[in-house]
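Welcome, and please open your viewer.

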Amino acid sequence: MDSGYTFLTFNLSFLILLLLSFPSTSDSNEVTLLFGSRENKIEKFCAAGIGDGDSTCGFSTKSLSKILIKGGSVVNAHHEEVADVYVEDGIIVAVKPHINVGDDVTVLDAAGKFVMPGGIDPHVHLAMDFMGTQSVDDFFSGQAAALAGGTTMHIDFVLPVDGSLMAGFEDYEKKSRNSCMDYGFHMAVTKWDETVSKEMEIMVQEKGINSFKFFLAYKGSFMVSDELLLQGFKKCKSLGALAMVHAENGDAVYEGQKRMIELGITGPEGHALSRPPVLEGEATARAIRLADFVNTPLYVVHVMSIDAMEEVAKARKSGQRVIGESVVSALVLDDSWLWHPDFSIAAKYVMSPPIRASGHNKALQAALSTGVLQLVGTDHCTFNSTQKAFGIDDFRKIPNGVNGIEERMHIVWDTMVESGQISVTDYVRVTSTECARIFNIYPRKGAILAGSDADIIIFNPNSSLEISAKSHHSRSDTNIYEGRRVKGKVEVTIAGGRIVWQNDELKVVPGSGKYIEMPPFGYLFKGMDKAEASYLSSLRAPVKRSKKTT
């Protein structure tokens, strides 16, 4: 951080009050945030001048409505070309070589760099109430971190309130009021009755939700039975909504936890030992078979093990419509950290399913490169050291969750592209385009095309950065990728046609993020009616029999 700045530390209650005071529709309330002290507080909070376009932070508060990105290598999921990209009023207007513009346009030189769609993270938990506490990143801090890392949209998981989907949706509407980038919602289903069934219809038809998540883990809280899962799958099928599963055998995990405690294993290593890969594989296989039985597409979140990955591979090879989501932690880490002698270090790696033993990560990288797994999320759900310490005497009480929303784009590039495992176009596919396609918002999102939203990054493959809790933008005081140096760097992030990250500085507006409605019946549902007809014709039933007796 530049020594010329004067640093101001605000107490938390005042900061929250200040953030919420900004009107959600005003472009004049722009904020520069420079994060990253040891305590991970916001060290400088600079509110721009209002009304006249001046700023006490030294930048204009007026929206940059016209932007020309010149001479970069424009990368989409299936094509790469050297071209200019012209943006006006938040929309990409043209993508072609040698665009001429007037003096009122902000020009960004991208020669020698990649111009790509902003990342879309399909798996995030901001301000999540979980295990007696709440994840430390809210919709403002978490999204600010995302923008600094080149992600311009995320999809969060709405949790029901006392089983009510509507109450849960209203709760997350409030939580997301201070958002600073676009976002969508998945919806969790944790119980079943006619009210929940009707609320699923409302979520799809009126609230812009096209996916529902079912937990096969967390016995006693989120976990659902096979009976409920079948009912949920059937409802998803009728609504054209994608069924999602957290796949671990919750009953067996519960027994595994008890076994570890009986053996005197109370530290973070007990977390991994209590829920081994076989339990993830079993639940993945079960969910896949039940989805096949109902004949509905399935999305398996955070595939963490070879066991689960192989079940996804087998199903896809047979022609079943199954999506396998990888997460960054599974691709690059192993579980050795959970055996670290320092509890505070070991505990920060606790997530579910657990980070697996060495070898699983390389296998998952190979699965991503060959298309067995289709996209990369993070499961970003951050808790600070104090919260993690809730389980210092019992690993079952350690809040599950790790960071990743800021680091994802850089680590995937460094791990997968720099190593030659995937191409630049594949990088765009797994970090942005495929998510947009699956959740039916392509090509509005996930593309550098005329008419698409101007969510764009300029990426320098020759630059590098070191990841650290001292410099990241999350409110967490730890980082599971601490000290990792990666090749390639997001130099500019444009979200909604606005330059929000440039020269290692964030310029973000609380309340400027838009809720993106996601319509049902995405591409995974195309042709499902034919599969249903084929199934019915294969039954050779009912058989017409005479009722006469001989």
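How much accessible surface does the chain have, and what share of it belongs to carbon and sulfur atoms? The surface comes to about 22000 Å², and 51% of it belongs to carbon and sulfur atoms; accessible areas come from the Shrake-Rupley method with a 1.4 Å probe, and for residues only the protein chains shown count as cover.

Before you click further, note that this is a predicted model, where local features need pLDDT of at least 70, side-chain atom pairs count only at pLDDT 80 or more, and totals for chains, interfaces and linings use all residues. Residues are numbered from 1 along each chain as its sequence is written, and side-chain values use heavy atoms, leaving out hydrogens and water.

**The whole chain**

Show the cartoon: there are 16 helices and 21 strands. These are DSSP runs numbered from the N terminus, with helices being H or I of at least four residues and strands E of at least two. Of the 550 residues, 60% count as buried, where buried means under 20% relative accessible area, exposed over 50%, and partly exposed in between (1.4 Å probe, protein chains only).

**The sheet**

Now select the open sheet of eight strands, which pair in parallel in the order β8-β11-β12-β13-β14-β15-β16-β17. Two strands pair if DSSP finds at least two bridges between them. At the edges, look for β8 (119-124) and β17 (375-377), each pairing on one side only.

**Zoom in on β8**

Is β8 enclosed or open? Six of its six residues are buried, so β8 is largely enclosed by the rest of the structure. Its partner is β11 (residues 151-158), joined to β8 in the parallel sense over four bridges. Select Gly 119 and you will find Thr 151 of β11 opposite; likewise, Ile 120 stands opposite Met 153 in β11.

**A patch on the surface**

Finally, select Tyr 535, Leu 536 and Leu 539, a nonpolar surface patch with about 290 Å² of accessible area together. Like charges are joined within 9 Å, and nonpolar side chains (Val, Leu, Ile, Met, Phe, Trp, Tyr) within 5 Å. Leu 536 lies in helix α16 (residues 528-538) and counts as partly exposed because its relative accessibility is 47%.

Note on methods
Patch = residues over 30% accessible without salt bridge, like charges linked within 9 Å, V, L, I, M, F, W, Y side chains within 5 Å. Salt bridge = Lys/Arg side-chain N within 4 Å of Asp/Glu carboxyl O.
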